[in-house]
Structure formats: C-alpha cells, structure tokens
Amino acid sequence: MTHPRHTQVAIVGAGPSGLLLARLLHRAGVDCVVLESRDRAYVEQRQRAGILEQSTVDTLREAGAADRLDREGIPHDGIELRFDGRRHRIDFPSLTGGRRVWVYAQTEVVKDLVALQLEDGPPLHFDAPVHAVEGADTDRPVVRYGHQGEERLLDCDYVIGCDGYHGVVRRAVPAGVMRVHERTYPYSWLGILADAPPVYDELIYAHSERGFALASMRSPHVSRLYLQVPNGEDPAAWPEEKIWDELDLRLGADAGWRLTRGPVTAKSVLPMRSSVTEPMRWGRVLLAGDAAHIVPPTGAKGLNLAASDVTVLAAALAAHYGDGDASLLDSYSDTCLRRVWRAEQFSYFMTSTLHTPTEHSSFDTRLQVAQLERIARSHHAAAELAENYTGVALQPFALQP
Ligand code: RFL
Ligand code: PHB
C-alpha cells in the first residue's frame with residue numbers, strides 16, 4: 001500500500017474507536033488514514049470488552065460491519081446480581097421499554113473492522129507508531145510517524161487521537177488547556193479466559209465479603225471470569241485450582257454450587273481507573289475513546305463510550321466536509337462529555353457497590369448490601385441500573401439544553 005502524504009483526517013490508533021471512525025468516515029466520503037503502532041495480530045488478540053449496547057450494535061450495522069455480529073452475537077436480556085447468599089435477576093426489556101445488550105467480544109469487533117478496512121480502505125498501517133503531532137495550532141497539522149525503518153510525515157486537516165490512555169496525540173496540546181479528572185481504585189481484576197462452558201446463560205455480578213467476582217462469556221464453550229484482587233498482585237500467585245476454588249466461593253449462592261472447570265488459556269491482572277479529559281478538542285486535535293476517558297470495567301461502558309464518541313465525530317466531520325457546517329464539530333466535546341459523565345457515574349456506582357474496599361468495616365459491607373437490596377426490591381432502583389447498563393439513548397444527549 002502506498003503512503004499518502006496528505007489526508008483530510010489522520011486517525012492515530014486502530015483500536016475500536018479508530019477503526020470504527022475510519023469506516024464511518026469512509027462511508028461518508030471523508031478521506032482518512034489510520035496509523036497503528038502495533039502489529040495486526042496483537043491488535044486483534046488483545047482481550048478486553050465483552051458487552052455491546054444497542055447503540056453500539058446500531059452504529060456497527062450503519063458502518064456495514066455487523067454481518068458476523070448479527071450471526072454470532074448473543075443477545076442478553078438481563079444480568080444476575082448475587083449478594084448475601086441470594087440471587088436477583090435484572091430484566092432489561094421490562095425495565096427499559098425493550099432494551100437489551102449483546103455479548104460479542106471486542107477482539108471480534110476489531111477483527112471484523114480490520115478485515116473490512118484492508119479490503120476496501122481507507123489506508124490502515126500497522127507497525128506505524130506516531131511519534132509526534134506538529135503544528136497543532138496551525139490549519140495544517142503534521143503527523144510524524146515511523147514505518148519500515150523510516151520517519152514519515154502525514155499532513156492533514158484534523159488529527160484524531162484514538163490512541164488510548166497512554167496515547168501521544170494529547171501531548172500536542174499545550175499544558176493547561178485540557179483538564180484531567182482522575183480516580184484510582186485500591187483493587188484490580190484478575191481476568192481469565194477458560195475453555196469451559198459458561199456457568200449460566202447471563203452475566204453474574206457477585207458481591208461477596210471475599211471480594212467481587214464476575215462470570216462472563218465469549219461463546220457457548222468459552223468463559224471469561226474475573227476476581228477482585230489487591231493492586232500489584234502477581235498472576236503467578238494464582239494457579240488454576242486456586243482461581244476456580246475462589247470463583248466457586250464468591251459466585252456460589254447455594255451450597256454445593258460449582259462452576260464447570262476447564263483449561264485456563266489466558267490470565268492477567270488489570271488495574272482500574274476512572275479518568276476524564278476535558279475538553280476533548282483543541283483546535284484541529286480531537287480525542288475519542290480511551291484517549292479521552294477511562295472507566296473501570298464493572299459497568300461495561302468503555303467500548304460503548306468509544307463507539308458513541310466516534311458516531312458523534314463522524315457525523316460532525318461529514319457535516320463539515322459535506323456542507324461546510326462546523327456546528328457539530330464545535331459542540332463535539334460538550335455532546336460527548338454529557339454521556340461520558342453519565343457513564344463515569346454509573347461505572348463508579350457499580351464498582352463501589354460491588355467491590356470490597358481494602359480497609360472495609362462491617363458497616364461498609366452492610367451499606368453495600370442495603371443498596372443491592374434496594375435494587376432487588378424497588379422497580380425504580382432496578383430500572384435505574386437497567387437503563388444505565390443498556391445505554392442511555394444518544395439522541396436526547398445530542399440536543400442542546
Ligand atoms: P484502545 O483499544 O486502547 O486502542 C488504542 C490504540 O492506539 C494504539 N496506539 C498508537 N498507535 C499509533 N501511534 C501511537 N503512538 C499509539 N499509541 C497507542 C494502541 O496500540 C491501540 O491499538 O482504545 P479505543 O479504541 O479508544 O477503545 C477503547 C476500548 O478498548 C476500551 O474502552 C474497552 O476495552 C474497555 N472495556 C470494556 N468496555 C465495554 O464497553 N464493555 C466491556 O465489557 C468492557 N470490558 C474493558 C473491559 C477493558 C478492560 N481492560 C483491559 C481495561 C474489560 C477489561 C478487562
Ligand atoms: C467481559 O465479558 O469481558 C466483561 C463483561 C462485563 C463487564 C466487564 C467485562 O462489566
């Protein structure tokens with residue numbers, strides 16, 4: 001593939017946000033190039049999210065990237081909460097007027113988008129780390145990147161930072177322009193992938209005095225399971241038997257309840273963080289997805305927020321190039337941040353309600369159980385959770401007050 005020297009939109013990062021933005025722009029007739037620092041196999045195999053909201057599925061369909069999702073994605077109409085030795089199911093459709101979510105792994109979304117992009121463009125370059133963005137305060141920023149042992153330059157009208165939490169694009173913005181609001185948590189997740197059938201046909205979020213546990217899935221034969229562990233935990237401290245025993249203890253609502261065990265094929269420890277950078281735009285530099293905000297994974301929101309940002313951004317760039325209307329670009333940051341803060345609040349709520357604080361007292365635990373009881377007994381409290389989990393509708397948030 002030849003390397004263009006100019007494009008309308010330079011997209012840095014080929015995670016879900018960069019890839020989806022590229023598809024949406026391509027369909028809208030806007031010219032773009034995607035630069036990704038890692039190789040294709042790495043990007044396609046990175047284990048991450050598993051839950052797609054309806055609006056994310058709709059955007060993937062709009063982008064022409066949902067054929068396999070429509071065949072293989074598993075619709076879920078609820079989740080189960082386990083606490084205090086009890087089980088309580090949250091039924092999404094009846095609480096939200098028909099909304100649901102899909103189990104379809106981020107790895108598969110990324111594979112589908114990469115395949116489409118390599119088939120019919122726009123250009124996507126792997127092993128092309130961006131080193132710097134120059135002239136970000138001019139009308140013609142330049143992206144400096146490495147590829148095949150050479151330093152290359154790409155001129156563009158706009159640079160989009162889809163380069164994740166440790167990305168470089170935001171470094172082009174002078175200090176003090178963007179403000180970062182951040183919180184870290186005193187615990188992490190140990191996540192495993194196992195060749196074992198899921199224990200239940202929906203996700204289980206379990207509160208336990210031993211710590212939080214989550215039972216998710218990737219397919220009818222593969223389970224994705226998480227355990228709360230202290231920060232800095234070494235995955236080697238968790239041999240397979242210990243992981244399964246602990247999952248049984250934390251997830252088990254009934255005596256004798258057991259997970260079906262199987263070989264563990266991946267194991268890692270994931271720290272948790274909440275972070276929002278605002279505004280998400282400075283002149284011709286715009287941030288999207290994890291480059292602009294991070295949520296702890298308990299609310300399953302990260303990938304969905306990334307999809308929502310780029311849906312807004314693609315429409316804004318299409319309006320700008322199509323009929324010279326810059327108003328959507330001007331409101332991009334405000335439009336996205338309303339939804340981002342809603343998701344931040346929900347993710348914080350799910351995290352702090354379900355995890356055992358490191359220095360917890362029995363009082364804290366009883367408060368958490370009282371909150372979970374409230375969700376189990378009140379239609380309003382359950383509907384609040386279900387609405388947030390299935391995704392706040394984009395449209396009302398796109399309207400100006
Ligand atoms: P990504 O996926 O981090 O992609 C950024 C890309 O940028 C590249 N890059 C560069 N490329 C060129 N030059 C540079 N200088 C570059 N620097 C970086 C990187 O290599 C990478 O390819 O960000 P993006 O696209 O914004 O996507 C965000 C999502 O990946 C993330 O929010 C979700 O995975 C979060 N998340 C979940 N979200 C959900 O909606 N539902 C879930 O169920 C869910 N579960 C999760 C999750 C995240 C997790 N982890 C690992 C934090 C579960 C976990 C365990
Ligand atoms: C996952 O399947 O990886 C997953 C599901 C729900 C979450 C987090 C992760 O809240």
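Predicted model: local features only at pLDDT ≥ 70, side-chain atom pairs only at ≥ 80, totals over all residues.
Glu 387 sits in helix H12. Is Glu 387 buried or exposed, or something in between? Its relative accessibility is 44%, so Glu 387 counts as partly exposed. Once the neighbours within four places in sequence are set aside, Glu 387 has contacts with Thr 96 and Val 392. For a sense of distance, take Arg 23, which is 364 residues away from Glu 387 along the chain; the two C-alpha atoms are separated by 28 Å.

Now the whole protein. It has 13 helices and 19 strands. The radius of gyration is 21 Å, close to the 21 Å that the globule rule gives for 401 residues, so the protein is as compact as a globular protein of that length. The C-alpha trace spans about 65 × 50 × 40 Å along the principal axes. Of the 401 residues, 54% are buried. As for the contacts with a separation of 6 or more, 71% of them are between residues 24 or more positions apart.

Next, helix packing. Two packed helices are described by the angle between their axes and the distance between the axes.

Helix H10, residues 332-354, packs with H12, residues 379-390, at an angle of about 120 degrees, and the axes are 10 Å apart. H10 and H12 are therefore oblique to each other. Their crossing is left-handed. Which residues make the contact? From H10 there are Arg 342, Phe 346 and Met 350, and from H12 there are Glu 384, Leu 385, Asn 388 and Tyr 389. Sorted by class, the contact of H10 with H12 has four nonpolar residues, one polar and two charged.

H10 also takes part in the second pair. Its partner here is helix H11, residues 362-377, with an angle of about 120 degrees and axes 8 Å apart. H10 and H11 are therefore oblique to each other as well. On the H10 side the contact uses Phe 349, Ser 352, Thr 353 and Leu 354, and on the H11 side Gln 368, Gln 371, Leu 372 and Ile 375. That contact has four nonpolar and four polar residues, with no charged ones.

The axes of H1, residues 16-27, and H8 come within 9 Å and cross at roughly 30 degrees. How are the two helices oriented, then? The angle makes H1 roughly parallel to H8. The crossing of H1 and H8 is right-handed. H1 contributes Pro 16, Ser 17, Leu 20, Leu 21, Leu 24 and Leu 25. H8 contributes Leu 303, Ala 306, Ala 307, Val 310, Thr 311, Leu 313, Ala 314 and Leu 317. By class, the contact of H1 with H8 divides into twelve nonpolar residues, two polar and no charged.

Last, the backbone. Most residues other than glycine have a negative phi, and most peptide bonds are trans.

I take the peptide bonds first. Where is Pro 122? Pro 122 is in the loop between helix H6 (106-120) and strand S8 (124-125).

Gln 148 lies in the loop between strand S10 (142-147) and strand S11 (150-161). Its relative accessible area is 64%, which is over the 50% cut-off, so Gln 148 is exposed.

Is Ala 300 buried or exposed? At a relative accessible area of 18%, under the 20% cut-off, Ala 300 is buried.

Methods: Residues numbered from 1 in each chain as written. Chains lettered and ligands numbered in written order. Heavy atoms only, no water. Axes fitted to C-alpha atoms, helices over the stretch in contact; angles between N-to-C directions. Helix = DSSP H or I, 4+ residues; strand = E, 2+ residues; numbered from the N terminus. Parallel < 35°, antiparallel > 145°, perpendicular 65-115°, else oblique. Left-handed = near helix turned anticlockwise from the far one by under 90°. Contact = heavy atoms within 4.5 Å. Nonpolar A, V, L, I, M, F, W, Y, C, P; charged D, E, K, R; others polar. Rg over C-alpha atoms; globule rule 2.2 N^0.38 Å. Buried < 20%, exposed > 50% of the residue type's maximum accessible area, 1.4 Å probe, protein only.
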